[in-house]
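Got a minute to look at some ring pairs and a sulfur link? Here's the model to keep open while we talk.

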Amino acid sequence: MPRFGKCAQWHNLAVEQGWPEEELPQLDIVMWRESRCQPDAWNGHDAGLMQINQIHSAWITEFGWTHPDDMFDPAKNLHFAYRLWLDSGWKPWSATSGLGE
């Protein structure tokens, strides 16, 4: 797998969590803008690599996880972000990523 971008250290784990390789360039951009690739990133509402917002707490509990604690686990964060992306595309990150729907 090609390694590129500022968050390349998380690419293999992202693929393990379901992310398609063709989405890795965009994932890298969003991850950098959201957390600077830091799995412990926290702003009081959003947690982890992909800054998963607390509004998803109920859905997160369906996985048997809690917000924010489990969202600091890179594998869980990337897995949940993947599921969120499958459901909504890049829209949940559009405010900080400059992406449209």
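Q: How many aromatic pairs does the count come to?
A: Bear in mind that this is a predicted model, where local features need pLDDT of at least 70, side-chain atom pairs count only at pLDDT 80 or more, and totals for chains, interfaces and linings use all residues. Residues are numbered from 1 along each chain as its sequence is written, and side-chain values use heavy atoms, with hydrogens and water left out. Rings of Phe, Tyr and Trp (its six-membered ring) pair if their centres lie within 6.5 Å; planes under 30 degrees apart are stacked, over 60 edge-to-face, and the rest tilted. By that rule, the count is 11.

Q: Are the rings of Trp 19 and Trp 90 stacked or edge-to-face?
A: Their centres sit 5.5 Å apart. The planes are at 20 degrees, so the pair is stacked.

Q: How many residues apart in sequence are the parts that Trp 19 and Trp 90 tie together?
A: Helices here are DSSP runs (H or I, at least four residues), as are strands (E, at least two), numbered from the N terminus. Trp 19 is in the loop between α1 (11-16) and α2 (24-35), while Trp 90 is in the loop between α4 (74-88) and α5 (94-97). So the parts they tie together are apart in sequence by 71 residues.

Q: Which residues do ring pairs link into a cluster with Trp 19?
A: Trp 19 itself is buried, at 1% relative accessible area. The ring pairs join Trp 19 into a cluster with Tyr 82, Trp 85, Trp 90 and Trp 93.

Q: Which cysteine forms a disulfide with Cys 7?
A: A disulfide is a pair of cysteine sulfur atoms within 2.5 Å, and the count comes to one. The sulfur atoms are 1.9 Å apart, and the link is left-handed, with -75 degrees about the S-S bond. Cys 7 is buried at 0% relative accessibility. Its partner is Cys 37.

How values were computed. Buried < 20%, exposed > 50% of the residue type's maximum accessible area, 1.4 Å probe, protein only.
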